[in-house]
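I opened the notebook to look up a few things in this protein, residue by residue. Here is what I wanted to see beside my notes.

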Amino acid sequence: MSHNLAVIKTALEHAKNILIIAHTQPDGDTLGSCFALHAALINMGKSVDICCDGAMPKKYEELFPADTLKLPEVLCADYDTAVALDCADKARLGKSLKIFKKCDTTINIDHHVTNDLFAQINYIEDASSVGEIIFELLYLLGVEQNENTSKYLYIAISTDTGNFTYSNTNKKCLAYVSELVELIDVRAIADILFRRRSLVSTKLIGRAISSLETYRDGKIAFLTILRSDLKELGAFSSDCENIVDFAREIEETKAAVFFREIPSGVKISMRSKDEVDVCTVAREYGGGGHKNAAGCCIGGKLDEAKKKILKSLTEIV
């Protein structure tokens, strides 16, 4: 069952000890949303922690306070309320799921239409980002934007819209951002988010581009990173963020895929243009997401995963 933000407002007002959970392999939307809600609830006098089954990616370390994002195994408080942000299914909670289940009240706020409504209170909205939803929730809670909440929500919205270039960019999210930018140094934040990368990340992009494969006269483009690539370059999974876009940007490409070997099989990120719905392919293999941005994981060997995804994509491209 899907609820509304008023129900979440009431639940948070009655809560005392709250745990906010970011999804595994955290990105800008889940982190920005979590930290914005955390700051707002602290201002309301609540006891609040943020946890994630995964470390803060290096590219975001300058933008968020140190030691606030905690691993689930180090938490020792008892929480009455848990809030999952940007988690399309409970598997994305990782090891945080065990704590989530123990809470008296569980809340799930997300913008993936494939969300499986795993909490007691679910709010799923087809928004540009979860950051857009948290902006609305803070307004409903009567929390005024300050420099911190504005920065965090700008990070959430800008990263999930590809710096306001993806198809999910809309009039509403731009209106919200126009309020946020009054309180922050946009240039400095955007420089960190979109105009800076480590040497290792740059080398990893080069490795991925060298793996480029195309099909259907370039309408489908694949990039691949092996576990051995990460080990050789000293890279982390967070260095793989947005690599799929280098395939999507090819002029002829309608659907782009990034394959990455992981211990349990293959992680697959897909992007598409126009009316090509890659979410239908992701759902076929137990994943989900949005029409033009989706993903899934497939067990087994890389070659087999490629064959499966290619077969499914050729049916829609």
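In which helix is K306 found? I found K306 in helix α12, residues 302-314. I take helices (H or I, at least four residues) and strands (E, at least two) as DSSP runs, numbered from the N terminus.

**Ground rules.** I am working with a predicted model, in which local features need pLDDT of at least 70 and side-chain atom pairs count only at pLDDT 80 or more, while totals for chains, interfaces and linings use all residues. Residues are numbered from 1 along each chain as its sequence is written, and side-chain values use heavy atoms, with hydrogens and water left out.

Contact here means heavy atoms within 4.5 Å.

**Whole chain.** I counted off twelve helices and twelve strands in the protein chain. The C-alpha trace spans about 55 × 40 × 40 Å along its principal axes. I also noted that 52% of the 317 residues count as buried. Among contacts with a separation of 6 or more, 64% join residues 24 or more positions apart.

**Cores.** Which residues touch the most other members of the largest nonpolar core? They are L12, L37, I109 and I134, in a core of 52 residues. A nonpolar core is a set of buried Ala, Val, Leu, Ile, Met, Phe, Trp, Tyr and Cys residues joined through side-chain atoms within 4.5 Å. Apart from that core I found another, of 22 residues, among them I220, A255, M270 and I309. I followed up I134: beyond four places in sequence, I134 touches S33, A36, L37, L85, I109 and L153.

With neighbours within four places set aside, the contacts of D29 include D86, H111, S129 and D160. D29 and Y154 are 125 residues apart in sequence, yet 9.1 Å apart in space, C-alpha to C-alpha. For C34, again without residues up to four places away, I listed I20, I21, A22, I50 and L85 as contacts. C34 and L69 are 35 residues apart in sequence and 9.3 Å apart in space, C-alpha to C-alpha.

**Positive phi.** Most residues other than glycine have a negative phi. D67, in the loop between β2 (47-52) and β3 (69-70), has a positive phi of about 70 degrees. D274, in the loop between β10 (265-272) and α11 (279-284), has a positive phi of about 55 degrees. I checked their cover too: D67 counts as exposed at 73% relative accessibility, and D274 is exposed with a relative accessible area of 52%.

Technical notes:
Buried means under 20% relative accessible area, exposed over 50%, partly exposed in between (1.4 Å probe, protein chains only).
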